[in-house]
Amino acid sequence: MSTKPTTTDLEWTELDQRAVDTARILAADAVQKVGNGHPGTAMSLAPAAYTLFQKVMRHDPADADWTGRDRFVLSAGHSSLTLYTQLYLAGFGLELDDLKAFRTWGSKTPGHPEYGHTVGVETTTGPLGQGVANAVGMAMAARYERGLFDPEAAPGTSPFDHFVYCIAGDGCLQEGISAEASSTAGHQKLGNLILLWDDNHISIEGDTETAVSEDTMKRYEAYGWHVQRVEPKENGDLDPEALFAAIQAARAETSRPSFIAMRSIIAWPAPNAQNTEAAHGSALGDEEVAATKRVLGFDPEKSFEVSDEVIGHTRRALDRGREARAKWEKQFQEWRSANPERAAEFDRIAAGELPAGWEEKLPVFETGKGVATRAASGKVLQALGAVVPELWGGSADLAGSNNTTIDKTSSFLPVGNPLPEADPYGRTIHFGIREHAMAAEMNGIALHGNTRIFGGTFLVFSDYMRNAVRLSALMHLPVTYVWTHDSIGLGEDGPTHQPVEHLASLRAIPGLNVVRPADANETSIAWREVLRRWTKEFGKGAPHGLALTRQGVPTYDWNEDAARGGYVLFDAEGGEPQVVLIATGSEVHLAVGAREQLQAAGVPTRVVSMPCVEWFEEQDQGYRDAVLPPSVKARVAVEAGIGLTWHRYVGDAGRIVSLEHFGASADGKVLFREFGFTAEAVAAAARESIEAAAR
C-alpha cells in the first residue's frame with residue numbers, strides 16, 4: 001500500500017479549486033431547493049469527481065457514446081449530484097436549470113442516475129454495490145472486445161484499450177454483490193479497472209463502526225487487487241494531487257485491478273454538518289448552506305452561483321474531448337486500414353446486425369424425440385457460437401447443467417491461469433458461484449456495447465439475481481438469462497431447488513420477457529427471436545429469461561408462430577373448440593395428452609402453447625383473439641408453478657392446473673403424478689370448465 005506522494009504532474013490552479021467548490025455549493029443548493037436528497041457525499045467527493053472528469057478520463061462530452069471513451073460508474077448512486085455537477089461543468093448537456101430541477105418530475109436529474117435518461121450516465125445505479133459489479137462487467141467486455149478486433153496489439157496501443165473508473169461508498173462495499181464482483185475482478189486480473197472507495201466512515205445509522213470492523217484494504221489485497229491509500233489534506237479535504245498520482249500508478253498497473261481508498265469527511269467543509277450522518281441523506285438547512293458558502297468564499301445570498309470564469313474553464317473539457325477523439329480517430333483509421341476484415345466485423349457488430357446466414361445454422365430437431373430443453377439450448381448456443389463471434393457467456397459454476405458452454409476449448413481467463421483452455425479473450429465465462437454479481441456483470445457487459453452476453457444458473461437461484469435482473473429490465477438491456485431446472489420436474493434435489501413461485505414472480509418484472517419453451521424446436525425459435533430482438537435497437541432492447549427443463553420432453557413440429565409468444569399447437573377436430581388448453585414448457589405435452597382424451601370423447605379441444613406471455617401480449621388483438629377465441633369460455637391453463645399468471649387468460653369459468661405449494665424430493669415423474677400434473681387431471685379440469693361455462 002502506498003502513501004501520499006510528494007510529487008505529481010497534475011496541473012491544479014486556483015480556478016480548478018474554485019470549480020470544485022462550485023460543485024460543492026451546487027450540490028448543497030440542489031438538495032436544499034427540492035428539500036430532500038444526499039448532499040454530503042457529493043460535497044466531499046467533488047475533488048475526486050472533478051479530477052476524473054477534468055484531468056484523467058478520456059471522453060468527449062459532445063459525444064458521450066464514443067467507442068474509445070473511458071467509462072465512469074457512480075456505484076454510490078444516491079450521491080447522483082457527484083455525477084450531475086460534473087456533467088454540467090464539462091458540457092455533457094446538463095445546464096443549471098437541470099440542477100435546479102433535481103429530483104422533480106420530468107427532470108434530467110432524477111434522484112439516482114438513470115441510463116438512457118441523462119446523457120453521460122453509463123448505468124442506472126441506486127441499489128448499492130450494483131455499480132461495482134457493472135464496472136467489473138464493463139472491464140470484462142472491454143477485454144473481450146479487444147480480443148474480437150485487435151488481439152495482437154501490444155498493451156496500451158490498441159484503439160480498444162480504455163479504462164473503467166468506479167466510485168463506490170461504504171455501503172457499496174458492505175453489500176455482498178460487490179464482494180462477489182471484486183473477487184471476480186481480481187481473479188480475472190482486470191488491469192483496466194480502477195475502483196475509488198469513498199472511505200468517509202458514515203452511513204445512515206451513523207459511524208460505520210456500527211456495522212464494519214474489517215480491514216477493507218487488506219480484503220482487496222486478498223482479492224488480488226493493486227491497493228493504494230490516499231490521505232486527505234491537513235484540513236480534511238480530499239487531496240487532488242495525491243489522488244491524481246494514485247490514479248496514474250493504477251493506470252500503470254495493467255496486470256491487476258486497482259483499489260484506491262480515499263479518506264474523506266462527508267459534507268466537507270460545512271461547519272456543523274460535516275462528518276455527521278444527517279449530511280448523508282438530508283438537506284443541510286438554509287443556515288448551514290449559507291455558512292458553507294461563507295467558508296468557501298461564495299455569496300450566502302445567492303443560489304446556484306457559477307461564475308463565467310469557472311464555467312468557461314470547465315467547458316474546455318469539450319475542446320480536450322474533441323482533441324482526444326481526433327487523436328483516437330486517427331489511431332482507429334490506421335487500425336481499420338491494417339485490418340479491413342476486422343473493421344467490417346466491427347461495423348456490423350456496432351450497427352447491431354447479425355452475420356448473413358446465421359439463422360440457417362439454427363438446429364431443427366426431430367419430431368417425436370424426447371429432448372430436454374436445456375440440452376436443446378446448449379446445441380443452439382454451440383451452433384450460433386460458430387457464426388456469431390460477439391456472442392459469449394457462461395454460468396455460475398453450472399455449465400454442465402445449464403448447457404451454457406459455447407466453446408469448450410476457450411475459457412475467458414487471464415494470462416497466467418494454469419488451465420489449458422485459458423485465454424484472456426476466451427469465449428466461455430466462468431462466473432463462479434456468484435449469481436448476483438453475474439447478473440450485474442452481464443448488465444455491465446451489455447452497457448459497454450459491441451458484444452452479446454448470456455449467463456446461466458438454476459431457475460430457483462434467480463432469487464439471488466433478482467435485483468440485477470430488475471435493473472436489466474429498467475435499463476432495457478439485451479441480456480439473456482439461461483435458467484434451467486425450471487420446475488418440480490428436476491426431481492430428487494427437492495423443494496430447495498424446485499422453483500414454484502419463480503415464473504410468476506419474474507413475469508411481474510416490467511420489461512422482462514420470460515420464455516418457457518415447450519420443446520427443442522421452440523427452444524431454437526426462442527433463441528432466434530431473442531437474437532432478432534437484440535438487433536432492432538442495440539443497447540435499448542429487453543432482457544430475456546429462458547426457463548428450461550432438466551427432463552426430456554416430446555418434440556413437436558417447428559412452428560414459426562412460437563416467436564409470437566402463443567400459438568395454436570394442435571387445433572380442435574370435429575368442430576369449433578369447446579375448450580382451450582393453454583400450457584407452457586414441460587406441461588404442454590400434458591395438455592396434448594388431455595386433448596387426445598377429450599377428442600376421443602367427442603370434445604373438440606384446442607391446445608395453445610404459450611412460451612412467452614410478454615411476446616403474446618405484443619401481438620395485435622386480432623391475432624390474440626384468433627388464438628384464444630373470446631367466444632370459448634371454457635379454458636384450462638397448465639403450469640407447474642403458482643397460477644398467478646393465468647387468471648386473466650382463463651376467466652371466471654376457467655380452471656388452472658398449478659402448484660400452490662412447495663415440492664418434494666422424488667423422481668420428477670413421481671412428483672408430477674403425485675401433485676396432479678397428468679393428462680387425466682388436465683382433462684378433468686377441462687370438463688369442469690366446460691360445465692362452468694355452460695351455466
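Glu-345 is found in helix H14 of this predicted model. The residue is partly exposed, with a relative accessible area of 27%. This value is not under 20%, so Glu-345 does not count as buried. Leaving out residues up to four places away in sequence, Glu-345 touches Phe-149 and Pro-389. Glu-345 and Phe-149 stand 196 residues apart in sequence. In space, their C-alpha atoms are 8.1 Å apart.

Helix H14 spans residues 340-350. Its buried residues are Ala-343, Phe-346, Arg-348 and Ile-349. The cover over these buried residues includes H5 and H13. Just after H14 comes Gly-352, with a positive phi of about 75 degrees.

Helix H13 covers residues 316-338 and has 23 residues. From its first C-alpha to its last, H13 reaches 33 Å. That is close to the 33 Å expected at 1.5 Å a residue. Ala-317, Gly-321, Trp-328, Phe-332 and Trp-335 are buried in H13. The buried residues of H13 pack against H2, H3, H5, H12 and H14. Of these, H12 is made up of residues 308-314.

Aromatic rings come next. The structure holds 32 aromatic pairs. One of them joins Phe-53 and Phe-92, with ring centres 6.1 Å apart and planes at 80 degrees. The angle is over 60 degrees, so the pair is edge-to-face. Phe-53 lies in helix H2 (residues 39-56). Phe-92 lies in the loop between helix H3 (80-90) and helix H4 (96-100). The pair therefore ties together parts that are 39 residues apart in sequence. Both Phe-53 and Phe-92 are buried.

Ring pairs also build a cluster. Its members are Trp-66, Phe-149, Phe-160, Trp-328, Phe-332, Trp-335 and Phe-346. Trp-328, Phe-332 and Trp-335 are among the buried residues of H13. Phe-346 is one of the buried residues of H14. Phe-149 is also a residue that Glu-345 touches.

The charged end of Arg-18 sits over the ring of Phe-298, 3.6 Å from its centre. The charged end of Arg-143 sits over the ring of Phe-412, 4.0 Å from its centre.

Another glutamate, Glu-122, is placed in the loop between H4 and helix H5 (130-149). Its relative accessible area is 11%. This is under 20%, so Glu-122 counts as buried. Its side chain makes a polar contact with the side chain of Arg-69, at 2.8 Å.

Strand S9 (residues 391-395) is mostly covered, with five of its five residues buried. Both faces of S9 are covered. Leu-391, Gly-393 and Ser-395 are buried on one side. Trp-392 and Gly-394 are buried on the other. S9 and strand S13 (residues 452-458) run parallel and are joined by five bridges. Gly-394 has Gly-455 as its bridge partner in S13. S9 also pairs with strand S12 (residues 428-430) in the parallel sense, over three bridges. Here the bridge partner of Ser-395 is His-430, in S12.

Backbone geometry also calls for a description. The peptide bond from Trp-268 to Pro-269 is cis, with omega near 5 degrees. Pro-269 is placed in the loop between strand S7 (258-263) and helix H10 (278-281). Ala-267 lies in the loop between S7 and H10. Its phi is near 70 degrees, a positive value in a residue other than glycine. Ala-267 has 0% relative accessibility and so counts as buried.

Phe-304 is not a glycine, yet has a positive phi of about 55 degrees. The residue is found in the loop between helix H11 (286-296) and H12. Phe-304 is buried, with a relative accessible area of 9%.

Methods
Residues are numbered from 1 along each chain as its sequence is written. Side-chain values use heavy atoms; hydrogens and water are left out. Rings of Phe, Tyr and Trp (its six-membered ring) pair if their centres lie within 6.5 Å; planes under 30 degrees apart count as stacked, over 60 as edge-to-face and the rest as tilted. Helices (H or I, at least four residues) and strands (E, at least two) are DSSP runs, numbered from the N terminus. Buried means under 20% relative accessible area, exposed over 50%, partly exposed in between (1.4 Å probe, protein chains only). A charge sits over a ring if NZ of Lys or CZ of Arg is within 6 Å of the ring centre and within 35 degrees of the ring normal. A polar contact is a pair of N or O atoms within 3.5 Å; within protein, one must be able to donate a hydrogen and the other to accept it, and residues adjacent in sequence count only if both atoms are side-chain atoms. The expected span of a helix is 1.5 Å times one less than its number of residues. Contact means heavy atoms within 4.5 Å. Two strands pair if DSSP finds at least two bridges between them.
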